[in-house]
Amino acid sequence: MESEYSKDAEMERLLEDLRTSNIRKEDWEFHDNHKPTYSTGIGINRKVVEEISDIKNEPDWMRRFRLKSLEIFLAKPVPTWGPDLSGIDWENTNYYTRPDEINANKWEDVPDEIKDTFTKLGVPEMEQKYLAGSVAQYDSEGVYHNLKKVWEDKGVVFMDLDSAIREHPDLVKDYFCRAVPATDNKFAALNGAVWSGGSFLYVPKGVHIDMPLQTYFRMNGEATGQFEHTIVVADEGSKVHYIEGCTAPKYDRNSLHSAIVEIYVKKNAQARYTSVQNWSKSVYNMPTKRAWVDENAKMEWVGGSLGSKVTMLYPSSYLRGPYASAHNLNVSLAGPGTVKDTGAKALHLAPYTSSKIVAKSISIEDGKAIYRGLLRMNKGAIHSKSHVQCDALLINDKSQSFTYPHDEIYEPTATFGHEATVGRIGTDELTYLRSRGLSEDEASSMIVLGFLDDVMKEIPMEFAVEMNRLIKLEMGKLGAVG
Amino acid sequence: MPELAIRELSASVENKQILKGVNLTVRGGEIHALMGPNGAGKSTLGNVLIGHPNYQITGGTIELNGTDLTHKTPEERARAGLFLAFQSPVAVVGVKLSTFLRTAYRQVHPEDKVSLQQFYDRMKVHMRRVGLDESFMSRSVNDGFSGGERKRFEILQMVMLRPKIVILDEIDSGLDVDALKLVADEISEYYNDEVGFLIITHYQRILKNIAPQFVHILIDGKVAMDGNRDLSLRIEEEGYDWIKNA
């Protein structure tokens, strides 16, 4: 009984925090006036791809890989099974934009305009307080990377992928595009052709890193693309938490973000990947994220998706060894005029594997939140189990949410379950709360906290605050006295 | 002593005029019944009184203790001491019942520094009395509640929030005889000189448990007749037609 009170006391404190916090979207929708020193210009073709390869002075295998990927990209049609992607202006997008030629280990060495941008976003401060290491990417290139010495001494590698290819070519080659080949989908192929930046993180056998490592991605230019490629390798028995944050200013013309994230969780290792995405409403966000999870290893995906115009994202876990497990938690907010087509894939390829997927979405006004999932249990994945839970909250009298689970079960001893709930906060619900004395502020905070209650510990507070602010705005409209 | 004064109140919903000049005064210690045929505007009156944004006030005034509430927000009305037990309370998924009631209480009684534990202890006493299991505390507001459970929760909110003017809209619907008795007892227990009641009902049933001193008949958006308890008994015998034809 005591714990019940303490939980509610905590809730009261959080309510207060939410109401009084003043993080605002305007805080990251600014753009600075940094002029890129180099760009390949608009459009994509063989020449552009070769140019990127030249600039990076890459080994031959990488150049061939890029050109092959380009062919695949050009051959594959734009997928039509999901959201409308006709707003992507392929021809007028700038696929490679390079800031000053710099990749510093100290913030002092980062050019002022770029440094100020990251400072405004709180990146150096975060690094100092909470992180074991950090990488910062600005448009197409990493501009900063640092790893605390204690981890470096233990053999941890953490830097942008371009640097890693130069400094640890053999290590990178073992993992590059193994989990996500360029043939996977059009956007993965595009990434293969023009990729630049992203992080490479290698955690040696048995090393447990107790603080998270973070990469912050910032797109500054208009109608640009960001195509980073991130690889995380948790070697046998290791443990790591890797975080990504991304923001961009709001422009009239659309930008494109098409990343690849590959995570390799070796035997008995544990990896957690957290991403908080705050892209502005002019960004198409089309990453491909996949983990290979080996015997008795554990993969956790935590995603907070606030921004973007369209997001298509289905972090996948290939459970390759016995007792491998994956846990996906995704919280999406589909604001007015935006589409979140998100979900998860779990492929059970070995016995006794387990997956748990929790997807929570909030749709505001005509924002569309879609859960799209794949669950596959191969023959022989005996006694594997999976559970999928989708909770949708609709903030408006007219919002809609959709759920498209897809199950392929070939193993009779496997067990799986789906749960789905839909709640709606419309005028009647809001009026009900207010008729008991709650202000719109309080009502929205309670709704946000209530919705996130079971996952609040996993989600950064900043995310909850921004979600609350957007919901509050919408409630102002619902509650308007006519 | 509280006084709710409704004067010449007119209101529309979706541009359709429903209330056409309602006059009614409810004071502390008084129990009023508002009866009327379907479509007379009974529930509209309840919604207009608490300030539901889908209803537009087109004329007249609502005053509580001399304060004009006509254009106030629902939360301002609640804080002034007005309470409506809804006919069909909506579910609010994710909002935990105990936290909701506690937060609401702090808004309507900011002066009371009651601790979380004391508040919950008080709440549990009343939950027992209205017949709601303690486990409801951690459930979402009205989510998955039966019709009867929703009504019990409305009454629980009433006793916990201690309003001055209570409007009960078809409080007996969804309640069986035993549950109705529990709810009626809780209402009677709460009733005192400092609280005025307006019981909106189509049938006489609830009035057997809670005896009104005043009965008003609402027909076509207007109070067509005022009377005492005898009037409600006659309605039960003869229906509303004789008033319409009067």
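This is a predicted model: local features need pLDDT of at least 70, side-chain atom pairs count only at pLDDT 80 or more; totals for chains, interfaces and linings use all residues.
Local features are given for residues with pLDDT of at least 70 and side-chain atom pairs only at pLDDT 80 or more, whereas totals for chains, interfaces and linings use all residues. Residues are numbered from 1 along each chain as its sequence is written, and chains are lettered from A and ligands numbered from 1 in the order in which they are written.

Between the two chains, 29 residues of chain A are in contact with 32 residues of chain B, contact being defined as C-beta atoms, placed from the backbone, within 7 Å. On the side of chain A that touches chain B, two or more residues are given by each of α1 (2-20), β25 (415-425), α11 (427-434) and α12 (440-452). Helices (H or I, at least four residues) and strands (E, at least two) are DSSP runs, numbered from the N terminus. The largest share of this side, seven residues, is contributed by α11(A). Its composition by class is 13 nonpolar, ten polar and six charged residues; Ala, Val, Leu, Ile, Met, Phe, Trp, Tyr, Cys and Pro count as nonpolar, Asp, Glu, Lys and Arg as charged, and the others, Gly among them, as polar.

Two packed helices are described by the angle between their axes and the distance between the axes. Axes are lines fitted to C-alpha atoms, for helices over the stretch in contact, and angles run from 0 to 180 degrees between N-to-C directions. In chain A, the axes of α12(A) and α13 (residues 461-478) come within 9 Å and cross at roughly 130°. The two helices are therefore oblique to each other; angles under 35 degrees count as roughly parallel, over 145 as roughly antiparallel, 65 to 115 as roughly perpendicular and the rest as oblique. The crossing of α12(A) past α13(A) is right-handed, meaning that the near helix is turned clockwise from the far one by less than a right angle, with anticlockwise giving a left-handed crossing. Residues of α12(A) in this contact include A:A443, A:I447, A:V448 and A:L452, and those of α13(A) include A:A464, A:M467 and A:I471. By class, the contact has eight nonpolar, four polar and three charged residues.

In chain B, the axes of α5 (residues 147-161) and α6(B) come within 10 Å and cross at roughly 10°, and the helices are therefore roughly parallel. The contact involves B:G148, B:K151, B:R152, B:I155, B:M158 and B:V159 of α5(B), with B:A179, B:V183, B:E186, B:I187 and B:Y190 on α6(B). Seven of these residues are nonpolar, one is polar and three are charged.

Ten of its twelve residues are buried, so α3(B) is largely enclosed by the rest of the structure. A residue is buried if 20 or more other C-beta atoms, placed from the backbone, lie within 10 Å of its own, exposed if 12 or fewer, and partly exposed in between.

A:S308 lies in the loop between β16 (298-305) and β17 (310-313) of chain A and is buried, with 28 other C-beta atoms within 10 Å. B:E170 lies in the loop between β9 (165-169) and α6 (177-190) of chain B and is buried, with 20 such atoms within 10 Å.
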